2 protein chains.
Amino acid sequence: MPPVNRDVTIGDVASQAGVSRAQTARALGGYGSVSEAVHSRVLAAAEQLGYRANSLARSVSTGRSQSVGVVVGDIENPFFALSVRGISDTLRKAGYDVVLMNTGESPDLEVDAVRALDGKRVDGFLIAPALAPSYPHLQALVVSGRPLVLFDREAPGLVAPSVVVDVEVAARELIDDVVEAGHHRIGFVSTLSSPAASWNEDPQIAHTPVGRRLRAVADALRAYDLDLHAKDVRVGARGADDIRRHVRELVSGEDPVTTLLASDAVIAVSALEELRSLDVAVPGDVSVAVFDDPPWAGLVSPPLTVVSQPVLETGTAAARLLLGVMAGRSRAEVPALSAHLVRRGSIGPARAMQ
Amino acid sequence: MPPVNRDVTIGDVASQAGVSRAQTARALGGYGSVSEAVHSRVLAAAEQLGYRANSLARSVSTGRSQSVGVVVGDIENPFFALSVRGISDTLRKAGYDVVLMNTGESPDLEVDAVRALDGKRVDGFLIAPALAPSYPHLQALVVSGRPLVLFDREAPGLVAPSVVVDVEVAARELIDDVVEAGHHRIGFVSTLSSPAASWNEDPQIAHTPVGRRLRAVADALRAYDLDLHAKDVRVGARGADDIRRHVRELVSGEDPVTTLLASDAVIAVSALEELRSLDVAVPGDVSVAVFDDPPWAGLVSPPLTVVSQPVLETGTAAARLLLGVMAGRSRAEVPALSAHLVRRGSIGPARAMQ
DNA sequence: CTGAAAGCGCTAACAC
DNA sequence: GTGTTAGCGCTTTCAG
């Protein structure tokens, strides 16, 4: 009596095997105690009927879904792609699936995403929050005690662990090199829209990777009594053309910078394109460094000096941390991840002042 | 009477609002008909109690989950990352969530992934199947009528639509250029393990992007009475070092190739690294082309001539196709996507025979 | 080790 | 419009 137009259920398997539904469920679900005889009888019946477990029904019954929600701004971004791989691999080994939400860095979509995941009763959340004035949706997760771990970014005022990369030491080493090469005018380019006029006035930016990089650079410069000039920090670039415009403005004109810092590999591509079309030599005319170590960094001329970040580790660490939180370890240690400087060849002596 | 240690349910909201559960569900779920008065009363009660809809329960009841399962080999791979972005964006607009499974190209994990997704009762499947001898797990989906769309790869013998990129025309243009530049020995490097001794003996490879590229190249060469030599096709490279070894063997020795084709950007990076360390000039000593157009292709010296593929479109097209299938349009048109040649500068005159 | 029965939270027929 | 009632498929007491 195979069911006509509906899924095979545990009940079907039960009658086929001549056992109770409860016992069938135990055999199929691998819990409780069931005799060897019943076990094999049930499995045979299930196989014969083509039974497919319905984990949705199980979840509504148990209250757990064995899946975690992951929210990122842009899965296309190699940083997130690689993080998600680390997350996915780590969680799978622990028996969890990943429900992925891509927000396009839109705070509204992020709110929707969290709501949807919550509706699916995911057992935990892994979120790289988009830049927003406040985080009521995340706050709500926290107050209702749902396991939440942030990564790549932090949310000011939120008491949730966050896995971020420490760039201080690497940035200091970088700036040491740069300053010792005679540079004192440094430009920084990033894509990150902020309402604030200047980067260090914006409390939100401070909690983003870009903010941390900027602060680390500024701190390192301060040791030499140098400053990051406000007009040399371009954090609001929008798209390739805009990046190139910012770069152009920074390296040309009256008072050009002699070192250019790209906030990530995407920025670096546009920046290098612009420098090339401007016939600006690297590192002859301007030195360049990138906060990211893309696979091609060593292939261009000159090979790029970069601050390399442990990206995969960010993902695995965040996932592991979340597993701890879900297991009830509330006092989980947030792992320390550090970037490191890779000297290749795009930092050179500062061009003599004209 | 807020519930003690359990989720707020529709029942709680109902009593708080003084309406029946059914009516409350209708108001909250936005279906059926409910008066304005009741509607607002329910919403207020829900808000006040902090009600969170349980879409799992809904799914158990309705039989639909409003989510689709996506299975890829490696989310870290820019191709998949970008495809998934297209998929995710397209599906979200249609009201579907994405459950992502990363298999690491392991057929076993792929089987597990499909089973897990099926257990979650996803409404459809979007799969880039790993290379395997056969596809019983996918076949099972097909026979039980579950919406399934493949992308990037095909599964021999499976009657499921597949969204792949047509490289024939672009490859022909590329080979025209190459042959007219005087080349007749062409090497091809890829990472794809196959049991077959030679690429064109393996029926599985034919259905992968790599196989399509190889075939297109071979076909184009044939027009000139030229052949892809078996020993010049290296499809089994494993990891960066192995890729470099293959490249080394291809361009050196008695009878070197004069043109090197990289199957994707990852291969290209290692290949270019090896050529550089070998002091082989491009395109002076050997010409190079890549079946992929990474952002940095124009940055290296020389800028890379590539066959560019519509990656985002692959994702969106596959998602749209799946939406059609899920909507019951069984005779959906598989969209035609084509690659195109981007001439930049890595193809040059063949080195004179020594 | 086994089974009966109640319950998870929501939807859907059916009456009113 | 609204409420009643019976499910959806699985788990989980609680007896035995």
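A polar contact is a pair of N or O atoms within 3.5 Å; within protein, one atom must be able to donate a hydrogen and the other to accept it, and residues adjacent in sequence count only if both atoms are side-chain atoms. By this rule, 22 residue pairs are in polar contact across the interface of chain B and chain A, both residues being at pLDDT 80 or more. The model is a predicted one, in which local features need pLDDT of at least 70 and side-chain atom pairs count only at pLDDT 80 or more, while totals for chains, interfaces and linings use all residues. Residues are numbered from 1 along each chain as its sequence is written, chains are lettered from A and ligands numbered from 1 in the order in which they are written, and side-chain values use heavy atoms, with hydrogens and water left out.

Helix 4 (55-62), helix 5 (78-93), strand 2 (97-102), helix 6 (107-119) and helix 11 (265-277) of chain B each supply at least two residues of the side that touches chain A. Helices (H or I, at least four residues) and strands (E, at least two) are DSSP runs, numbered from the N terminus. Helix 5 of chain B gives the largest share of this side, seven residues. The residues on this side of chain B divide into 21 nonpolar, 11 polar and 14 charged. In this division Ala, Val, Leu, Ile, Met, Phe, Trp, Tyr, Cys and Pro count as nonpolar, Asp, Glu, Lys and Arg as charged, and the others, Gly among them, as polar.

In terms of contact (heavy atoms within 4.5 Å), 46 residues of chain B meet 46 residues of chain A. The size of an interface is often given as the accessible area lost when the parts come together. Buried area is here the accessible area (1.4 Å probe) that two parts lose on being put together, summed over both. Chain B and chain A bury about 4,100 Å² between them, and 55% of this lies on carbon and sulfur atoms. B:Leu56, B:Arg121 and B:Leu299 supply 18% of the area that chain B buries against chain A, more than any other three residues.

The two chains also meet through a pair of strands. Two strands pair if DSSP finds at least two bridges between them. Strand 2 (residues 97-102) of chain A and strand 2 of chain B run antiparallel and are joined by three bridges. In this pairing, A:Leu100 stands opposite B:Val98.

A salt bridge is a side-chain nitrogen of Lys or Arg within 4 Å of a carboxyl oxygen of Asp or Glu. The structure holds 50 salt bridges over all chains, and the count between chain B and chain A is eight. In one of them, A:Asp7 is bridged to B:Arg121, with the closest N and O atoms 2.8 Å apart.

Within chain A, the closest N and O atoms of the salt bridge between A:Asp232 and A:Arg185 are 2.8 Å apart. This pair links distant parts of the chain, 47 residues apart: A:Asp232 lies in the loop between helix 9 (209-222) and strand 8 (233-234) of chain A, and A:Arg185 in the loop between helix 8 (168-180) and strand 7 (186-189) of chain A. Buried means under 20% relative accessible area, exposed over 50%, and partly exposed in between (1.4 Å probe, protein chains only). A:Asp232 counts as buried because its relative accessible area is 2%, and A:Arg185 is buried at 7%. A:Asp232 also forms a salt bridge with A:Lys231 (3.8 Å, N to O). A:Lys231 is partly exposed, with 47% relative accessibility. Salt bridges that share partners join A:Asp7, A:Arg52, B:Asp118, B:Arg121 and B:Arg146 into one network.

In chain B, B:Asp232 is located in the loop between helix 9 (209-222) and strand 8. Its relative accessible area is 2%, so B:Asp232 is buried. The side chain of B:Asp232 makes a polar contact of 2.8 Å with the side chain of B:Arg185. Not counting residues up to four places away in sequence, B:Asp232 touches residues including B:Ile186, B:Phe188 and B:Val257.

Chain B also contains an open sheet of six strands, in the order 8-7-9-10-11-13 and with mixed pairing. Strand 8 (233-234) and strand 13 (340-342) of chain B are the edge strands, each pairing on one side only. Strand 9 (residues 259-262) and strand 10 (residues 287-290) of chain B run parallel and are joined by four bridges.
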